[in-house]
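Hi,

Here is the structure I promised to pass on. Have a look at it first, and then read my notes below.

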Amino acid sequence: KNYCHNFMVRVKKHREIFNREHQADKLEVLKEKHRPDQIRTPLLKLMKEAYDKGFSIIKERADNGETGVNLANAQSFLTDEIVHMLYDVATDYVYHVPNPTKSERLCLAAFGGYGRQEMAPYSDIDLLLILPYKKTAWSEQVVEYMLYMMWDMGLDVGHAVRTVDECIRLCKTDLTIKTSLLEMRYIWGERALFEELIAKYDKKIVKGHAPEFIEEKLQERDNRHKKLGDTRYVVEPNLKEGKGGLRDLHTLFWIAKFIYKVHKVSEIVEKGVFSDEEYYEFQKAEDFLWAVRFHLHYFAGRPQERITFDVQKALSEKLSYADRPNV
């Protein structure tokens, strides 16, 4: 009963950010008025208005004290809906193919932070567009249409367009790509391509390579710490990359995910890696860091990970910190 109630509350809160049914109705009106080659400008206006409205609602929730992880999930949800809607317009209307061939398929997947469903207000959209085995004129048109629409909306898209085999080949030589794809999440499109990539990733990248991956990630962490001072006590800390920051929490999760094939941090407790107390501390730290990161982005109006002197006072006030006597 409580689960159902919480689920309905979550659905309602998501619909406030982006109501798919309402936007679909508006889209149908545009289709009735505009041919496929004429719809781009009014569609851009519709998408921009929908995104800006959702963005404002999330910011209002942040101002009202919403927890950091919930805000990160909400920003990811808004992005999902925009990507989903754009794909449908591009494939079902603008470049519709009545009888698509096997090569005229495409899958949209999130990777990196977006794959974890964790996005800051001005984060890059880490979007992987999976091709079956080669590029076609159709896939190039769809990809180009979607990317230019998102760029014109003012969104930063960190995209990759690859076949399944290309993804696997790059994972073997690039630790960043290997880690990013560890957090792949299906968004929309040809699901079979996503399942194929997951299966090959598990078989060729994960299986039997846990010790190597752990060593690589710990070395990467040590190098990052050295680059940023190798201390938690800095006057202008880097919230994301600094020692004790979000990236350190991510590293813990990446290692556990690679070894135990878990999808959520809570599953690490079930595996006996975290105690209940350690899991609580992990959640508390993650929530705090995400709340700070959201307000930091809002203050800067752009991606910003360093808590610089000029924002520290305003940031502490926003998070309800105050001077205390005799401290």
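Let me start with His84, which is buried, at a relative accessible area of 7%. By buried I mean under 20% relative accessible area, with exposed being over 50% and partly exposed in between, using a 1.4 Å probe and protein chains only. His84 belongs to helix α4, residues 68-94. If you set aside neighbours within four places in sequence, His84 is in contact with Arg20 and Trp188, where contact means heavy atoms within 4.5 Å.

Some housekeeping before the rest. This is a predicted model, so local features need pLDDT of at least 70 and side-chain atom pairs count only at pLDDT 80 or more, while totals for chains, interfaces and linings use all residues. Residues are numbered from 1 along each chain as its sequence is written, and side-chain values use heavy atoms, with hydrogens and water left out.

The overall picture

The protein has 14 helices and four strands. These are DSSP runs numbered from the N terminus, with helices being H or I of at least four residues and strands E of at least two. The radius of gyration is 21 Å, close to the 20 Å that the globule rule gives for 327 residues, so the protein is as compact as a globular protein of that length. That radius is taken over C-alpha atoms, and the rule is 2.2 Å times the number of residues to the power 0.38. Along the principal axes, the C-alpha atoms fill a box of roughly 70 × 45 × 45 Å.

Of the 327 residues, 46% count as buried. The protein exposes about 18000 Å², and carbon and sulfur atoms supply 51% of that; the areas come from the Shrake-Rupley method with a 1.4 Å probe, and for residues only the protein chains shown count as cover. Among contacts between residues at least 6 apart in sequence, 72% join residues at least 24 apart.

The sheet

The four strands form an open sheet in the order β3-β2-β1-β4, with mixed pairing. β3 (157-163) and β4 (185-189) are at the edges with a single partner strand each, so one side of each is left without a neighbour in the sheet. Neighbouring strands are turned by 25 degrees against each other on average, direction ignored. Two strands pair here if DSSP finds at least two bridges between them.

β1 (residues 107-110) runs antiparallel to β2 (residues 125-131), and four bridges join them. Along that pairing, Leu108 stands opposite Leu129 and Ala109 stands opposite Leu128. β1 also pairs with β4 in the antiparallel sense, over four bridges, and there Cys107 has Gly189 as its bridge partner.

What covers β1? In a regular strand the side chains alternate between the two faces of the sheet. Both faces of β1 are covered, with Cys107 and Ala109 buried on one side and Leu108 and Ala110 buried on the other.

α6 (residues 137-152) lies across β1, β2 and β3, running at about 170 degrees to β3. α7 (residues 164-171) lies across β2 and β3, at about 110 degrees to β3. Axes are lines fitted to C-alpha atoms, for helices over the stretch in contact, and angles run from 0 to 180 degrees between N-to-C directions.

A helix pair

The axes of α8 (residues 175-182) and α10 (residues 210-227) come within 12 Å and cross at roughly 110 degrees. The two helices are therefore roughly perpendicular to each other; that label covers 65 to 115 degrees, with under 35 counted as roughly parallel, over 145 as roughly antiparallel and the rest as oblique. Leu175, Lys178, Thr179 and Leu182 of α8 make the contact with Glu212, Phe213, Glu216, Lys217 and Glu220 of α10.

A few single residues

Which residues have a positive phi without being a glycine? One is Lys261, at about 55 degrees, in the loop between α11 (246-260) and α12 (266-270). Lys261 is exposed, with a relative accessible area of 51%. Another is Ser320, at about 70 degrees, in the segment after α14 (309-318). Ser320 counts as exposed too, at 65% relative accessibility.

Lastly, Phe288 sits in helix α13 (residues 276-300) and is partly exposed, at 41% relative accessible area. Its C-alpha atom is separated by 9.7 Å from that of Leu319, 31 residues apart along the chain.

Cheers
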